[in-house]
Amino acid sequence: MQEAPDFVLFLGRFHPLVVHLPIGFLLFAFLLEILAKFQKNKALTAAIPLALLSGAISALVACILGYLLSLSGDYEANMLDRHFWVGIGTTVMAFLAWAIRMDKIKIPALQKLKPNMALLTLLVILIGVTGHYGGNLTHGSDYLVKYAPFNSSTKKELPQLASLEEAQIYPYLVEPILAQKCMSCHNASKQKGGLAMHTPTLLAKGGKNGPIFSAGSSAESELIRRVHLPETHEEFMPPEGKTALTEEEISLLTYWIDHADADFETTIANVETSEEIKQIAANTMALDFEGGKAMATTKLPEAATVSPELLHELSVAGFRIRELVIGSSLFDVSLPPNTISSNETAKQILEQLVLIKANIIRLDLSENNITNDDLAIVSQFSNLQKLQLEKNPIGDQGIVQLMPLKQLESINLYGTNIGRASLPHLSQLSSLKTVYAWQTNLKPADIPFGDKNLTEVKIVLGAL
Amino acid sequence: MCNGHDTLKSNNKDLQEVEKQWDRRNFLTKTSLGLGALAFGSLLNSEKAWSNLSNPGATTTNSFIKNHLGLPHHLPKAKRIIYLFQSGGPSQLDLWDYKPKIKDMFGQDLPESVRQGQRLTAMSALQENFPIAPSIMDFKQYGESRAWVSELMPYTSEIVDDLCFIKSMQTDQINHDPAITFMQTGNQLPGRPSMGAWLSYGLGSDNENLPTFITLITKNMTGQPLYSRLWGNGFLPTEHQGVQFRSGKDPVLYLSDPENYDGNDRRKMLDYLGKLNDVQHDTYGDPEIQARMAQYEMAFRMQTSVPEVTDMSDEPDYIFDLYGEDSRDPGTYAANCLMARKLLEKDVKFVQLYHQGWDQHIGCPEGIRAQCKRTDQANAALIKDLKQRGMLEDTLVVWGGEFGRTVYSQGQLTQNDYGRDHHPKAFTMWMAGAGVKPGFTYGETDDFSYNVVKDPVHVHDFHATLMHLFGIDHERLTFKHQGRRFRLTDVHGHVVKDLLS
């Protein structure tokens, strides 16, 4: 299909905007007509023709713009036809209603039937129908009633599988991605770029530029190329404003094209599947995946968003705050050494962090006159994974305070006063992997401690 | 007076004097086009008009700056990196890549099936034959990981369980300058930003009182030259270039106050200068003006921070003993390792050491022995020291050169002497610390350490992996320059996931 000139499409895209004008005008005319029936108000009645004319003219403009938009070829022809003709009908009716209202046309046969009221009622119905067809074109035909209470049949349920290997790759792994990220624009009614994805046949057929994947070669597949482009690129898919595919989703699509030859029936068991893909697939399907090494993805806790103002305040107080992953609201917080000069102020400074207590994943308070008592504040940071307390006057009593930190994986206590008495407490921390205890009262002879919980924990005593 | 003056009017009396020197013609020519174009640009796309501008406020103290590049993309394992660059191309055959099978092939010509017509350097291409020179070094396995290490690295052999060896490194370049430029910037030609500059640009500073990227070079070494472009910023904003610290009285040149100037009004002078530069920047919109301002401020802060961090007097004797006797002599490799640790402790993000002299074309055994004596103990000490301080888990340590060396002897081969030429097709590097598998060896070469037979790791892959450890998707950290987007890995590079812990 010949692509319409850009300027035509530019104008065409004003259709959804302009189309609301006739709706407003004509409904308002209808409202005035009703009011005029009950209330003989000349001013109201006089406004009716104006409302009708404005409605008719704006409907005409909307029709023209709509036609321009339809030239993009992004829409399914049948649905488009209906919207097109009902839209034109509505416009014609609007002009007719205006003409009759102005007594420019007189149809004697209709005189008894209150033509003004009748035509306006018809117009309202037509507007509703046109609008509905238009909405279906943009959002898909199941958009309106998808979540209606009486609608329960449309959701396709895939049978729950016992093992990963028997899963068919397309329906279990690929289609859900396409449905979630692509099909809002590539479906039965809306076919951007002439591409529809809701059936395997149409998906395989591709869009107006031909097939979107080449079985066995993701490198030559338009689908894969488009999702890999920089987000600002004009051809990047999904387009601006829609959620991009995640790395895992892209790797599933690539895997389907490369290893399963983009077949719609093949199961995971039938093709070569890397451990990594198995892991992603298992996560997607909420199946347990036995064997194979787990991916190096550390689970991140969910945390509430923190306002930039609060972060700014904490920075002014002396904390250095870094967001660990952009948009995660999870932070690496550190206090530069000797920010706390006397232990009287320590509590006061630390307490400010309580405002973001669930957001702190890594915390560095080294060399800051932190004492045993201050650690009660730190113990509230329930998502803490790494804690640096080195070179602070902390002893075994302080470690007792840290017991609530169930996510803690690494604790740095070098240059503190902890000793053997800390070990039973440290062994209670279920996630703990590493303890740094160089230059403390802990001696090599204290380890192994004999507590079997501690055999999993590496205690680094240093070279000297 | 003309109307144009209103736009540039400052409330500072002295600046107003300067402004009076602007006449109408000057104003119109200088501003109409520039400001007009800028205004038009921002109309079209308000955010993109400044898209390549670094965040000049990022170095301001005490304020939270959200990363404007959308980084990190994923959870970073590494917070800092120290890159121990062994310039010249250390011989993998005499250090790490143990090849017992060629012991019996002493002096035999290298089979053509191994070399496969590969182009050699002009230094050995004209040789009549390519006699195989097995390493005369004694190799043993160490640690729980049973890693092979030669007798030249006794200290390193103690820490192999913390190291992750890559024996299958590959580069595209066979001569020093393109190879080292490729290793540091991802391209063989000068002009691209170095790794450290990319990290500084992407992730910003963790300590606004010190540069994000610092370079230390072993003093009194000869060998292949090192150029400041190896730690340069390329087309990235200037404040991201590496700052070289020197040994001796002035670690950073021109930082100390001149004689007979007490520096008391420095702050006032800089504030004044800042205002002038602001006016200039408002007029021209040149980001280099902001970069310059940021650097003046950095230099001012470094007047205090640098003497503090380079002061070794608070280091106890047992630390000097750990790094070796050399570490008491500023500017040696060992002293630089110790200095690097201090810089890393202050949250400098990227410290790069350069040690020249690994280019053993002749007299390889003797030359490499001397090189190891200068570096081995300090390498091991650095790992141990970082580990006991709890820093190894978020500090990435990298050891390696720009390429490896040939199995055949360049020049005459005798029972205990040989030379080795450059070899780009296979060499060994090691990493340690943040996010890489400890006690692990990856990749294999053939019996001649000539071709990679398993799991090749190209320089681009190494860069991609390094960025990954810092939470960066190497394909998504780009900078638009001269009409196209550039990245460290250009259009290549795969993260080597097998190396990640």
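Predicted model: local features only at pLDDT ≥ 70, side-chain atom pairs only at ≥ 80, totals over all residues.
In β4(A), Gln388(A) is the bridge partner of Asp364(A).

- Chain A has an open sheet of seven strands, and they run in the order β1-β2-β3-β4-β5-β6-β7 with mixed pairing.
- The edges are β1 (320-323) and β7 (458-460) of chain A, each of which pairs on one side only.
- From one strand to the next, the twist averages 10°.
- As a quick reminder, strands of a sheet pair through backbone hydrogen bonds, and they can do so parallel or antiparallel.

**Helix packing in chain A**

- Two packed helices are described by the angle between their axes and the distance between the axes.
- Start with helix α4 (residues 42-70) of chain A and α5(A): they pack at about 155°, and their axes are 9 Å apart.
- An angle over 145 degrees counts as roughly antiparallel, and α4(A) and α5(A) are therefore roughly antiparallel to each other.
- The crossing of α4(A) and α5(A) is left-handed.
- On the α4(A) side, the contact residues include Ile48(A), Leu52(A), Ala56(A), Leu60(A) and Cys63(A); on the α5(A) side, they include Leu80(A), Phe84(A), Ile88(A), Phe95(A) and Trp98(A).
- Glycines take part too, among them Gly55(A) and Gly66(A) of α4(A) and Gly87(A) of α5(A).
- Sorted by class, the contact of α4(A) with α5(A) comes to 15 nonpolar, six polar and one charged residues.
- Now follow α5 onward: the axes of helix α5 (residues 77-101) and helix α6 (residues 115-139) of chain A come within 9 Å and cross at roughly 155°.
- With that angle, α5(A) and α6(A) are therefore roughly antiparallel to each other.
- The crossing of α5(A) and α6(A) is left-handed, and their contact is made up of 18 nonpolar, eight polar and two charged residues.

**Chain B in outline**

- Chain B has 13 helices and 17 strands.
- Of its 501 residues, 47% are buried.
- Among the chain B contacts with a separation of 6 or more, 75% are between residues 24 or more positions apart.
- Strand β9 (residues 404-409) of chain B has six of its six residues buried, so it is largely enclosed by the rest of the structure.
- β9(B) runs antiparallel to strand β10 (residues 420-423) of chain B, and three bridges join the two.

**Where the chains touch**

- Chain B puts 25 residues into the contact, and chain A puts in 27.
- On the chain B side, α10 (317-323) and α12 (364-388) are the elements that give two or more residues.
- α12(B) gives the most to that side, with three residues.
- The chain B side divides into eight nonpolar, ten polar and seven charged residues.

**Backbone spots to look at**

- For context, most residues other than glycine have a negative phi, and most peptide bonds are trans.
- In chain A, the peptide bond from Met237(A) to Pro238(A) is cis, with omega near -10°. Pro238(A) sits in the loop between α9 (222-228) and α10 (247-259) of chain A.
- Chain B has a cis peptide bond from Leu71(B) to Pro72(B), with omega near -10°. Look for Pro72(B) in the loop between α3 (24-44) and β1 (80-86) of chain B.
- Gln439(A) isn't a glycine, but it has a positive phi of about 55°. Gln439(A) lies in the loop between β6 (434-436) and β7 of chain A, and it is partly exposed, with 17 other C-beta atoms within 10 Å.
- Gln482(B) isn't a glycine either, and its phi is positive at about 50°. Its place is the loop between β16 (479-481) and β17 (484-486) of chain B. Gln482(B) has 6 C-beta neighbours inside 10 Å, so it counts as exposed.

Terms used: Residues numbered from 1 in each chain as written. Chains lettered and ligands numbered in written order. Helix = DSSP H or I, 4+ residues; strand = E, 2+ residues; numbered from the N terminus. Buried ≥ 20, exposed ≤ 12 C-beta atoms within 10 Å, placed from the backbone. Contact = placed C-beta atoms within 7 Å. Pairing = 2+ DSSP bridges. Axes fitted to C-alpha atoms, helices over the stretch in contact; angles between N-to-C directions. Nonpolar A, V, L, I, M, F, W, Y, C, P; charged D, E, K, R; others polar. Parallel < 35°, antiparallel > 145°, perpendicular 65-115°, else oblique. Left-handed = near helix turned anticlockwise from the far one by under 90°.
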